[in-house]
Amino acid sequence: MICKICNKNFENLNGLSLHLRKHNISMKEYYDTYIEPNVFHKCMFCDNEKSFKKGKYLSTCCSEECIKKLIESVNMEKYGCKNVAQNASVRAKISTVLRKKYNTPDDKISFWKLDKTSTEYAEINNAIIKKRTNTILTKYNVENISQVSDIKAKKKEYSILKY
Ligand SMILES: [Zn+2]
Ligand SMILES: [Zn+2]
């Protein structure tokens, strides 16, 4: 990667990023000035500017709302449903990704070896979190409803005895 300010060459983004400090300019400012000048990078879901990370613009502004929409749209595109945990092919997908990457059938261990910045990691992690949340939600709601109706029944009994 060549610094467009002084033409010095760098092996990777990190090198360039560190070097830019010498020019007193942030990676984002550098990008906006020398790589894509005068472009407003609009979030794909709202009017905010896209989030800038690791030398490039992401597809959204990274607000909670837009991340949610992004996850949903990725899931819709890839799995044909909003919630990946609903889809049985997700497990298979995880295995395939891991096998391809580490050539091992041991899903659980290799998942934690995945580069945490890779799209595979984000994808799998998202699938796991969604599944966990759904399980808790289902369990909690059911327990709660039975508790609530239990209390109501007891209150009724009590008022009948009292009057
Ligand atoms: Zn430079
Ligand atoms: Zn947004």
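Reader: Where is Ile 35 found?

Author: Ile 35 is found in helix H2, residues 27-35; helices here are DSSP runs of H or I with at least four residues, strands are runs of E with at least two, and both are numbered from the N terminus. This is a predicted model, where local features need pLDDT of at least 70, side-chain atom pairs count only at pLDDT 80 or more, and totals for chains, interfaces and linings use all residues. Residues are numbered from 1 along each chain as its sequence is written, while chains are lettered from A and ligands numbered from 1 in the order in which they are written.

Reader: Why does Ile 35 count as exposed?

Author: A residue is exposed if 12 or fewer other C-beta atoms, placed from the backbone, lie within 10 Å of its own, buried if 20 or more do, and partly exposed in between. Ile 35 has 12 such neighbours, so Ile 35 counts as exposed.

Reader: And what makes Gly 15 partly exposed?

Author: Gly 15, in helix H1 (residues 13-20), has 14 other C-beta atoms within 10 Å and is therefore partly exposed. Across the 163 residues of the protein, 9% count as buried.

Reader: How many helices and strands does the protein have?

Author: There are six helices and two strands, running α-α-β-β-α-α-α-α from the N terminus on.

Reader: Over which residues does pLDDT stay under 50?

Author: Good one! pLDDT, the predictor's confidence in each residue from 0 to 100, stays under 50 over residues 142-149. For that stretch the model has zero contacts beyond four places in sequence, a contact being two residues whose C-beta atoms, placed from the backbone, lie within 7 Å.
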